Amino acid sequence: MHILVADDDAAIRDLLARGLRGDFNVLLAIDGNAALTALETLRPDAILVDEMMPGATGTQVLLRAKELWPDVPRLLMTASSDVTAAMRAVNRGEVHRFYTKPLRLAEIRRAIIELVSRARADAALRVELLALRAVQSFSTQPSRVAILCEGEIGERLERAARRRGFNVVRALRKEAMEEVIGAGGCDVVVVDVDVGDQNLAEMTQLVRRVDVGTSLILVDATGSMASLTKAFQFGAVDCLMPPWLDDVMLSVRLERAAARPRERSELRRLTHDLVAANRELAFANRRVEEGQVKLLGGLVRALEARDPYTAGHTDRVASISVRCGSALGLGTVALETIRVGALLHDIGKIGIRDDMLYKPGRLTPAEYEAIKAHTTIGARILEGIESLACVVPIVRGHHERPDGRGYPDGVSASDLPLEVRIVSGADVLDAITSTRPYRPASGVDEAFEVLATLAGGQLDADVVNALRGLHREGRIDDLLQHDQ
Ligand SMILES: [Fe+2]
Ligand SMILES: [Fe+2]
């Protein structure tokens, strides 16, 4: 489940991200504008926003959310001083729940889960109603009746059918009747048994060949009981004999034959099954996509865990990258791309020989060349997975440099997306502050001195600035002091 959380207060964002992460995939927006941008491209399962934010207020964001995704549950957080705005929004139907700060996380989590499952059940019900309506509209199309029957009963059948709104075709001879049946689309075929058994058999066969769902009614003016056996033999659904029914009862018999209850209920059942299967498929696809990221992330972690020097590297790079992207004002979609891309950036190391990967010392130039291939191997691993296409540039490009001297493509700053430059910065920062077999970890201040010398050459200057800003505000030091 994806939940979009918007609050300009980083401490509250962190609190909510930590508190909701177990149940939800939390997408963070740093202000009203970021939340609005995210909503344009992504349908979350629930939205939780703060009222007072720069860019757009919470109620403005929720109003837009209601226009774009009317079924998605909307929750508002307010300081106790602006309860009136929240109440107004509740009364206008823009907000499903509102909470005053300080927040009670457990209560919010429960409410979101309940609202999301109710919204999903409602959506499922709406789809089923649509399907039912489609089936009904299908069955209320006027039924088509073909009649080969002369005399008084022929006239009365035609009259009764027309009164019922049926589409009626009278045929006077067997050949004409066969033409009508052959054209298809008949719901009911009425035939007088006086055409003779041979003709009856031919016509019945034709009916079955053209449309097995067509109902056959036999008419026997002589009233012989043998006709009932004949009706059974030819698979007719009804047999009319004197004394003739009145017009109303005749039309009821025609209606019943046209209803073909077995086919209709079968169609309805099939439609239900189809709708349910589609819904299941959509949920399953989403679970598969989330599962793919988890599985690949797990592989990378397993790879790192074999080497004490790299354990925890990708998780830290992902956290540093997301905080840096958020400081640079990126929206939730870009931040999610960064998170997954950073988590998987070194996945190509799966394809590198262990003796090089875990070499306890400096690499020879040849070994270094071989290790560089982890960027292209990683890109190849992910290229086949459609839902991960957006992170391939990060995996391939995380060792590129703004000065064009990186690898594997040697592209320069203008060709490097910001997401890639952010992950590169975080990757280098984590490497400097981590112990390596051939050198100890640098202290945090010392690491930023090194980073400053790399700005504009190996690393993007804006990214280095943003990282330094986070460090000054004490917002990433928890991630950098693991080896000190
Ligand atoms: Fe790498
Ligand atoms: Fe790395």
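1. Lysine 66 belongs to helix H3 (residues 58-68). Helices (H or I, at least four residues) and strands (E, at least two) are DSSP runs, numbered from the N terminus. The C-alpha atom of lysine 66 is 9.0 Å from that of glycine 93, which is 27 residues away along the chain.

2. Before going on, a word on the basis of these remarks. This is a predicted model, in which local features need pLDDT of at least 70 and side-chain atom pairs count only at pLDDT 80 or more, while totals for chains, interfaces and linings use all residues. Residues are numbered from 1 along each chain as its sequence is written, and chains are lettered from A and ligands numbered from 1 in the order in which they are written.

3. Now proline 73, in the loop between H3 and strand E4 (74-78). Is this residue buried or exposed? Proline 73 has 24 C-beta neighbours inside 10 Å and therefore counts as buried. Beyond four places in sequence, its contacts are Ala46, His96, Ile112, Leu115, Val116 and Ala119. By contrast, alanine 466 lies 393 residues from proline 73 in sequence and 34 Å from it in space, C-alpha to C-alpha.

4. For the overall picture, the protein has 21 helices and 10 strands. Its radius of gyration, taken over C-alpha atoms, is 36 Å, well over the 23 Å that the globule rule gives for 484 residues, so the protein is more spread out than a compact globule. That rule is 2.2 Å times the number of residues to the power 0.38. The C-alpha trace spans about 110 × 65 × 35 Å along its principal axes. Of the 484 residues, 35% count as buried.

5. An automatic or database domain assignment divides the protein into domain 1 (2-138), domain 2 (144-259) and domain 3 (280-480). The centres of domain 1 and domain 2, taken over C-alpha atoms, are separated by 60 Å.

6. Helix H18 (residues 418-432) and helix H13 (residues 332-343) have axes that come within 10 Å and cross at roughly 45°. Axes are lines fitted to C-alpha atoms, for helices over the stretch in contact, with angles from 0 to 180 degrees between N-to-C directions. H13 and H18 are therefore oblique to each other, since angles under 35 degrees count as roughly parallel, over 145 as roughly antiparallel, 65 to 115 as roughly perpendicular and the rest as oblique. At this crossing, Ala334, Thr337, Ile338, Gly341 and Ala342 in H13 meet Glu419, Ile422, Val423 and Ala426 in H18.

7. H18 also packs against helix H19 (residues 444-454), at an angle of about 140° and with the axes 10 Å apart. That angle makes H18 oblique to H19. Here Val428, Leu429 and Ile432 in H18 meet Ala447, Val450, Leu451 and Leu454 in H19.

8. Finally, please check the cis peptide bonds. One joins lysine 101 and proline 102, with omega about 0°; proline 102 sits in the loop between strand E5 (97-100) and helix H5 (105-139). The bond from proline 242 to proline 243 is also cis, with omega near 0°, and proline 243 is in the loop between strand E10 (238-240) and helix H10 (247-259).

How values were computed: A residue is buried if 20 or more other C-beta atoms lie within 10 Å of its own, exposed if 12 or fewer, and partly exposed in between; C-beta atoms are placed from the backbone. Two residues are in contact if their C-beta atoms, placed from the backbone, lie within 7 Å.
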